Amino acid sequence: MKNMQQLRAPVLYRRFLKICILLVIIVNPGFSQQQSLKINDLGYFEMPGLNVTAFSDFYPDGHQSGVTIIQHGVRVAANGDLRLETSPGQWSAIPKNGTRIIDTLNQTITQKLWFPDSSRNAKGFNPIYYPDFTFKYQVNVNVLSNNTFRVTVDLEKPLPEEWVGQVGFNFELFPGDLFGKAFLMDNQSGIFPAFPYGPLKEYYDNVLAEPLAEGKRLVVAPESDMQKITIESRSGQLELWDGRTNHNNGWYILRSLIPANTTKSAIEWVITPNVVPDWKYIPIVHISQLGYKNNQQKIAIIEQDKSDFNADQVTLLRLTPEGKKAVKTSKPEYWGKFLRYNYLTFDFSEIKEPGMYQISYRKQTSAVFKVSDDVYDRNAWQPTLEYFLPVQMCHMRINEKYRVWHDRCHLDDALMAPVDSTFFDGYMQGPSTLTDYKPFEHVPELNAGGWHDAGDYDLRVESQIGTVWKLAMMIEEFGLDYDATLIDQEKKLVEIHVPDGKSDAIQQVEHGLLTVLGAYRSMGRLYRGIICPTLRQYVMLGDASSMTDDLIFDPSLTEDEVKDGHSGIQDDRLVFTEVNPDRELYTAAGLAAASRVLKDSNPELSEECLTTSLALYYSAEKNVRRTSRKVMALTELILTTDDSKLKETLVSMKDSIIKDIDHSGWILGRVIHKIDNKKFKKDIAFAVAAYQASLNEIAKESPFGVPYRPNIWGAGWIIQEFGLEQYFFYKGWPESTNPEFFVNALNFVLGVHPGENSASFASGVGSESVKVAYGVNRADWSFIPGGVVSGTALIRPDLPELKIWPFFWQQTEYVLGGGATNYMFLVLAVDNWIKQ
């Protein structure tokens, strides 16, 4: 009897405790967890299922600023701030951030701002041309109750009369998750359209579709508990606009105009995002979407809610003809907290039986992946060489059976850029052209070779030579010899999946050299880059051949005249020059590497590469600013010439190299075997060991096995570059370098990265990959196989994000010069290392 009473006591106590907690919850609903928004240690409002940030980020042209709502773990609205236009674009006026005040006592965040931003007014990488209008204001965000917050805007003084009706508070709603969802506005209703439609009307020099609705109270997605948001204006009218009418990359915009003669609470909105009770982030299992070799370390990363510390059973499933077969079940190990999630690890390295697998955890199942020694033999690096590089080729027609990716383009390249000019995307020309060519004079030998850089159509010299250099590295290191493409320079024709008996990698190297050396022949120097002259052309989405008329501009002709391959239409791209010793040495390195791989197949071009490389080196080496650039040029020239004087120069730089070991060390791994100076080798080895030890410590900050400190742009390209560099550190100093760094770098790109979207950053590679990317075909919500995106970005301060949206350059853009070729190199490096 005594034992029964002892057993019943804790049961009765637990029942009593539950009743007490229930009574407290009835009296105070906020007691259960944290059921009201509250400013957390990171400076934003938080409760389970809802976060509201106020200017934690400031990247408005990337839709990443102002008042922002993260609902059930997903960023659904952003850029809540004053704007001078109804539907602003990338080059529209944005304010300057001032002081941000976080008042935890009154649960208020206040941001002070003003127009214009003098640091960007007609200057900088992408200059903005502001109107002659100056004013100051502040945005205030405070909690009203539970999941309801208020946004107010106070002006320093009333708007000038001429600006009334133009300045308003904009709040952008992410379109990708709202297509087909309902909205309610007072007595109006509708569906968020998948495409922008009319009727159209002119608003202050902008042609826009008329508002979808106007009123005082908007309910977004009333049919979805996960997405419903109610927004009420206590000041002026709400207007719901489709910002894609005048900008393809626009969002839906909710807007209220600033009324005349007001300062205090000129805008007052009350916003209530719906919150599902007891919501928690659904666990995500991160694995390589491609798979693993038999003897490779295999660790899955499990990501779950930061309030969830439980570790339940994980099951590894093998796919068989009879169904799924469990081959391992165990509890994962708790790793810790990173960003806003808790992480666990599941090691299944002992599984070596070839086959297809999945991992199951709490009713969530990963994508399928392969375990096999041939996992990298097909559909891994090959799509980059088969598709991405051919599709990006400039001045060529790119065919793929029935499809034309683009026609011959930019055959009128290029006119010399005007002096003392500042253009977009970082292009500017100084007081001289640095050549014998006058502004707007045609420069020959620029209408061949090169690849369209990124999601744009420009050619930057570092992207061109960087691609050449990485291809040359792969040919030397791994014997890259693959033929799936016909490349005919005479006909300016490419046929995908038509082999021509020649190495695709060698032909691509030659294609890149056509533009780099063509410029050097014509101008006696490198170009900075080649880019279109107008913003209208720059934002063009479509076939590259439609950007210009392929006829050389002749100012003596009218726009309607065509004569001897010339026209009066000034649409030709511009070529920019610069004085930049660092870039010249980087180019010298790439040319020296190209010289070696072309020596047998194209000796004449090989010799020109070496001659030009040496000329660039000797003209730039005394004025270099970055030690690593000189080390790069010396390394590749030593490998090409075995010149003892160049070796002496490299050895003489020991102290500078040690100070810059994180940037200069990896390239030495390619040439250290050629250096005989024992003291040099000993001291460099010591510096490398210290640097590698520091990397091991930094890598412990995240569960992904690489140094990873996320930023506003996706880190995929940086981590790929890190992986490539680690390969050469390992090659030069295997005793102090962890080879798992470059293996983990590849896995990161292939899916082992944070956030709810665990897709491979390499489009078309792996079971799930980025298939809506910021490439030249982004308007079609499509992708280019083998292109590699920047990947998961950080929404400050702690949300990793990779949205399915074609217009986020900071998440899904493709680039040349490393983005794709570094990925190729990593796959080949990992395959080669594990084989050995």
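Predicted model: local features only at pLDDT ≥ 70, side-chain atom pairs only at ≥ 80, totals over all residues.

**Confidence, rings and helices**

Reply: The protein averages a pLDDT of 94, and 96% of the residues score at least 70; pLDDT is the predictor's confidence in each residue, from 0 to 100.

Me: Where is the pLDDT below 50?

Reply: Over residues 1-33. Beyond near neighbours in sequence, that stretch has nine contacts in the model, a contact being heavy atoms within 4.5 Å.

Me: OK, aromatics. How many aromatic pairs are there?

Reply: The count is 59. Rings of Phe, Tyr and Trp (its six-membered ring) pair if their centres lie within 6.5 Å; planes under 30 degrees apart are stacked, over 60 edge-to-face, and the rest tilted.

Me: Why is the pair of F348 and F369 tilted?

Reply: Their planes are at 50°, so the pair counts as tilted, with ring centres 5.8 Å apart. F348 lies in the loop between β27 (341-347) and β28 (355-361), and F369 is in strand β30 (residues 369-371), so the pair ties together parts 21 residues apart in sequence. Strands (E, at least two residues) and helices (H or I, at least four) are DSSP runs, numbered from the N terminus.

Me: Is F348 buried or exposed? And F369?

Reply: F348 is buried at 0% relative accessible area, and F369 is buried at 1%. Buried means under 20%, exposed over 50%, partly exposed in between (1.4 Å probe, protein chains only).

Me: What about W666 and F728?

Reply: Those rings are also tilted, with centres 6.0 Å apart and planes at 40°. W666 sits in helix α11 (residues 661-668) and F728 in helix α13 (residues 716-732), 62 residues apart. W666 is buried at 4%, as is F728 at 0%.

Me: Switching topic: how do helices α7 and α8 cross?

Reply: The axes of α7 (residues 603-620) and α8 (residues 627-641) come within 11 Å and cross at roughly 145°. Axes are lines fitted to C-alpha atoms, for helices over the stretch in contact, and angles run from 0 to 180 degrees between N-to-C directions.

Me: Which residues make the contact?

Reply: From α7, L610, S613, L614 and Y617; from α8, K630, A633, L634, L637, T640 and T641.

How values were computed
Residues numbered from 1 in each chain as written. Heavy atoms only, no water.
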